[in-house]
Amino acid sequence: MVVVPGCAARSLAVRPWLQAVRCSSAASLPLPSPSETDDAAGASQSTPQQGSPSRSFFPKRGQTLELVCESLAFKGKGICKAADNGFVLMCDRALPGERFIGRVSRKKGSYAEVQKLKTITPHQNAVDAPCEYAGHCGGCKTQNLLYEAQIEAKEQQVRDLIVHVGRFAERDSLFSSVMKPIVPCEIQYHYRNKMEFSFGSRRWVPAEELEEGKGQNVGGFALGLHAPGFFDKVLHVEKCLLQSEAANKVLAVIQSSWRSPDLGLSPYNVHTHTGFLKHLMLRTGRDVRTGLPELMVNFVTSSYKPDLLEPLVNKVSAIPEVVSIMNNVNTSVGNTSVGEEEYILYGKSTITEILRGLTFQISANSFFQTNAHQAEVLYKLIGDYAGLKGDCSEIVLDLFCGTGTIGLTLARRVRHVYGYEVVAEAISDARRNAELNGINNATFVQGDLNKINDSFGNNFPKPDIVISDPNRPGMHLKLIKFLLKLQAPRIIYVSCNPATCARDLDYLCHGLGDQGISGCYQLKSVQPVDMFPHTPHIECVCLLELF
Ligand SMILES: C[S@@+](CC[C@H](N)C(=O)[O-])C[C@H]1O[C@@H](n2cnc3c(N)ncnc32)[C@H](O)[C@@H]1O
């Protein structure tokens, strides 16, 4: 039974707000600065510009409200607003159109966060989530929304951000040709090629299950995913519908044995810093000869004790798809899965994946697109937007190149690719990937693109095409200014955060007014691509051309 906390008097006290609180779509929006967080970007997407909210509605922590949600903000939070002053209330797992009872869990300046307690009227496109953990695990937040409705909401978020943050006029006759419909992901489950599970000494049981008396095992060992918002509590997960079937086979074998007292295995305790098993990383690639899945299992442990792992290694290596078992030893108190030392416990140290006809070697810690199937679609789009002449005359600058995958897939049709990336290991991987594929017209350089100085650009010829694929904070102002000065004919901006993407597109097209710098690009296309069904993540490929 779902309990609406708070006494009746408090519930009654909020009744007058039932008329006042409703959902509305984003109005005018302030620009997030390059230093603003995703949360701030998400909130600002829906926060009205006209000053701070009036006193007429300001919820208290613990207050219970009946709310209606219509739109999803970045990060998949449902947005509701007070009708009179637009005060924003954000709620995880609230779906547009859903009427629900929520409790204010956090107040943050201009908005509040609400925890959903009970659905009164579900969204018209609500479906039963196939995963038993979907209601609690931090990964899939919209599995209970019809896939078509999920991508429609994502497309709308991108459009809103481009208009309100990017300041591109929706009424402009060209706007509808710029905004492309989202590319759906054909494979909506089992698409992730990498999952990282954590071992925990404190099993997390969701509040509802505790109330229903299902929380027998609270405090027991767990292997699964971190409970949203908790670094020390793990939701025990027997299988994950986002990872490959082969990876689920491995997870099942490990789950069936690791807690056996005979093995003497203990999960790492993040409070006492004792215990052995930290994380289990499962990566799925493809055998380049057969095209069949091949798996890497990576145990992250607090010390090197191969004898302790041996019984698990014996069981897991019997699974035909497993070709590599690694042990990353991380002695630090931090929660990271990258070890200071790495050992091969079985098989080889890398797995392979094929992308746009090239072979990539993936090691335990190297970055690789997490949805290889949709990466193929994404990279084809990038190739189309590059509009290469095909005469091997052009120069490509691949910023935030990671392991070089984008640049390398274009290399055979251009004169030279120059890639820049901050992570030294990724640069080594990029060079190795070039060699593996017989590509010798690509140069990869390690460097921090947030710290470029005036000499940046002296080491490569003026590019014909710039590809920029930053992570979520987007591009640093120094890099934006460099690009505005460089004036390459074409920029392809690949983004995993439409809020910072819209901000950077604004700078590149409309300039930095307060610094007297004019924009010099025209936005030709914004193409959202769904790389991660059931999650709030949105990828976009944007094409900019010099005026
Ligand atoms: C979204 S990934 C893109 C990787 C690559 N383009 C791909 O498609 O596989 C962003 C990359 O930017 C790198 N990065 C983040 N901050 C950086 C910085 N300040 N300077 C250079 N590279 C950075 C990350 O290490 C990561 O490899």
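## A helix across a sheet

Helix α9 (residues 372-386) lies across β20 (465-468), β21, β22 and β23, and runs at about 5° to β23. Helices (H or I, at least four residues) and strands (E, at least two) are DSSP runs, numbered from the N terminus. Axes are lines fitted to C-alpha atoms, for helices over the stretch in contact, and angles run from 0 to 180 degrees between N-to-C directions. Two residues are in contact if their C-beta atoms, placed from the backbone, lie within 7 Å.

## The model and its chain

This is a predicted model: local features need pLDDT of at least 70, side-chain atom pairs count only at pLDDT 80 or more, and totals for chains, interfaces and linings use all residues. Residues are numbered from 1 along each chain as its sequence is written.

The protein chain has 13 helices and 23 strands. Of its 547 residues, 45% count as buried. Buried means that 20 or more other C-beta atoms, placed from the backbone, lie within 10 Å of a residue's own.

## The open sheet

An open sheet of 7 strands runs in the order β19-β18-β17-β20-β21-β23-β22, with mixed pairing. β19 (442-446) and β22 (521-529) stand at the edges with a single partner strand each, so one side of each has no neighbour in the sheet. Neighbouring strands are turned by 15° against each other on average, direction ignored.

Two strands pair if DSSP finds at least two bridges between them. Strands β21 (residues 490-495) and β23 (residues 539-546) pair in the antiparallel sense over 6 bridges. I491 has L544 in β23 as its bridge partner.

## Nonpolar cores

The largest nonpolar core has 113 residues. Such a core is a set of buried Ala, Val, Leu, Ile, Met, Phe, Trp, Tyr and Cys residues joined through C-beta atoms within 7 Å. V250, I382, I467, I492, V541 and C542 have the most contacts inside this largest core. Helix α9 gives the most to this core, with 8 residues. At least three residues come from each of domain 2 (194-355) and domain 3 (371-546); these bounds come from an automatic or database domain assignment. Apart from this core lies another, of 22 residues, among them M90, L95, F100 and L145.

What does V541 touch? Leaving out residues up to four places away in sequence, V541 touches L378, L381, I382, Y385, I492, V494, Q527 and V529.

## Helix α13

In α13, 11 of the 13 residues are buried, so the rest of the structure largely encloses this helix. Among the buried residues are P498, R503 and L508. G511 follows α13, and its phi is positive, near 85°.

Methods:
A residue is buried if 20 or more other C-beta atoms lie within 10 Å of its own, exposed if 12 or fewer, and partly exposed in between; C-beta atoms are placed from the backbone.
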